Amino acid sequence: MGDYGHELWFGAFLTPGAEGRHRLVRQAALAEEAGLDIVGVQDHPYQPAFLDAWTLLSVMAARTERIRLFPDVANLPLRPPAVLARAAASLDLLSGGRVELGLGAGAFWDGIAAMGGPRRTPKDAVDALEEAMTVIRALWTPGPEVRLEGAHYRLDGARPGPFPPHPIGLWVGAYRRRMLELTGRLGDGWVPSSGYAAPDELGGMTRILDEAAERAGRDPAAVRRVYNVSGRLSRVPGAGFLDGPPALWADQLADLALRHGVSVFVLATDDDRDLKAFAGEVAPAVREAVTRERTPAGPGPAETAPAVAPPAVVLTGNGRLDEAGRPRLPKRDLAALAPAQQANGRRLVLIHDHLRQELAQIRDALEQVAAGSADAAAMRSMINQLTMRQNHWTLGTFCASYCRLLTTHHTIEDEHMFPMLARAQASLAPVVERLEQEHEVIAGVLTALDAALVAMIEDPGRLDGVREQVDVLADVLLSHLDYEEEELVEPIARLNLDI
């Protein structure tokens, strides 16, 4: 337990009452304007007075530009996970990568059954949630058709896609031991609410979650802590949690961040004044207090900070990757991990195999041009449609060119994948830095190949220049994919990271 160093987010947890539909959309925009980071919406499909959560989130996404959105939490018994995967990925694409996915195993079983859903025992509810997480992640992973046979859910040749443009977190609403252990083993986030888990109960719950993560070979820091809170903002301090002025709120929330690793605070309120005070007074004070505790003392007058090592040399004199300069870590036995963990790590290989297939397509297209059965313009068009060019899941799991095209102030790499790997295992930092550098090299090779094709369109006799660039691409890309798999498959598996 303790501070896990995550970036602090603050948000609004809005009640999706149908009568307040205009207010809800306005408040999502207000939350963004006020500087909040995320909006959560309850999902109770059996409640006739509520708007459908996914419809509401979609409208909110259309009326905002920056703020993140998530169901807090999705009612899994009434939302088939395969359809939920496609819905979440679709909204993530349409919103520019602003969706997280809260998941709940189910509650209020009378209401669920009244809507035609299953009435599950506590054990079945947890088992179904675990299966659902496997289904969702499988459909977000590029590769062949998926077949899964579970007690509650199955896939019989479903094709993966669409693919979210950022790694959507699976945030689990959990309170009891088995759910907490599941969250520690497989979740990307934990979402309790203060009404069901008071601040003084978080320590025991966190301990169960962290121990489960460690038993699974994960760093507990891989699970982001999201806390739905409610309280009363007033000038006079009261006796309870979050009962008093903003300064008192800030002290109490900063304490939760530093003692229990909570990094996302979502305020349940439908009041504009509370939203503004939470964003304008509470959030900045919490950030300041936590930053102050996290910041180590600087070097004294006679001390100097250590020099930062220059980036590794990536290319050799002949334009190939400098394989000797790659950082390499001691290897652990992948076979020693649980089968589910091994499968998670090997998802990276499935993604890479898709890129290897695309490289084979490039070579085949080149031979068709050489044989006169196709032209350079057609080959250029084909290359520009490839995954490695479009960069939704480019160059392994990380996307160099795609990240450069993002208009948001954080790239996917800066905000998600690389920090997640480095936090989960600090020794991976030099490896992911090197992979970033190699992504830039491969992006440059693709640009050079495109230029060679343009030149051949103007002069068909320049086939050799295209062939040379394809050879360089094959050498660089295949070497890069092999290195990434060698260094990352086992850590991704052991740490249960969602790629």
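I take two strands as paired if DSSP finds at least two bridges between them. Helices (H or I, at least four residues) and strands (E, at least two) are DSSP runs, numbered from the N terminus.

I note that this is a predicted model, in which local features need pLDDT of at least 70, side-chain atom pairs count only at pLDDT 80 or more, and totals for chains, interfaces and linings use all residues. Residues are numbered from 1 along each chain as its sequence is written, and side-chain values use heavy atoms, with hydrogens and water left out.

Entry on strands. I looked up S6 (residues 146–149) and S7 (residues 154–158), which pair in the antiparallel sense over four bridges. Leu148 has Leu155 in S7 as its bridge partner. Four residues form the hairpin that joins S6 to S7.

Entry on H8 and H9. I found that the axes (lines fitted to C-alpha atoms, for helices over the stretch in contact, with angles from 0 to 180 degrees between N-to-C directions) of H8 (residues 246–260) and H9 (residues 272–294) come within 8 Å and cross at roughly 45°. H8 and H9 are therefore oblique to each other; angles under 35 degrees count as roughly parallel, over 145 as roughly antiparallel, 65 to 115 as roughly perpendicular and the rest as oblique. In contact (heavy atoms within 4.5 Å), residues of H8 including Trp249 and Leu253 meet residues of H9 including Phe278 and Val282.

Entry on H3 and H5. I recorded that the axes of H3 (residues 81–95) and H5 (residues 122–139) come within 8 Å and cross at roughly 45°, which makes H3 oblique to H5. Pro81, Ala82, Leu84, Ala85 and Arg86 of H3 make the contact with Ala132, Val135, Ile136 and Leu139 of H5.
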